[in-house]
Amino acid sequence: MLSDHVLHFFGRTITITGNEQFLAIVFFAVAVTTWGLLQFRRRRSIVLQRSVVSDQVVYELSRIADALDRLATRPLDQTIPAPNFKEETSRTMPFSMFGRER
């Protein structure tokens, strides 16, 4: 099969085994095949024309992005509230998933 290669870089010796060579060849073959398929496949695209609905979606998404940006730039002490630990010994299971006591 493939023989071992010894390379010398900056006073260090690197040995590339036959198994590593085989895996590299397989990786590059898969990468080239994937790239070729992506280049030569039929490209389909959907073009949305402007409408009231698409404008509303863009507006709502920009509001969400602005809110997330504001949250991301807040100082850490404002973002995470201090934990409120209360001892409740009367219940074994505080609430069900619907918010009612069991």
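The model is predicted: local features need pLDDT of at least 70, side-chain atom pairs count only at pLDDT 80 or more, and totals for chains, interfaces and linings use all residues. Residues are numbered from 1 along each chain as its sequence is written, and side-chain values use heavy atoms, with hydrogens and water left out.

Gln 21 lies in helix H1, residues 18-40. Gln 21 counts as buried because its relative accessibility is 14%, where buried means under 20% relative accessible area, exposed over 50%, and partly exposed in between, with a 1.4 Å probe and protein chains only. In the chain of 102 residues, buried residues make up 5%.

I turn to the overall arrangement. Three helices and two strands are present in the chain, in the order β-β-α-α-α along the sequence. Helices (H or I, at least four residues) and strands (E, at least two) are DSSP runs, numbered from the N terminus.

How do strands E1 and E2 pair? Strand E1, residues 5-9, and strand E2, residues 12-16, are antiparallel and share five bridges; pairing requires that DSSP finds at least two bridges between two strands. Leu 7 has Ile 14 in E2 as its bridge partner. Two residues separate the strands of this hairpin, and Phe 10 in the turn has a positive phi of about 50 degrees. Thank you.
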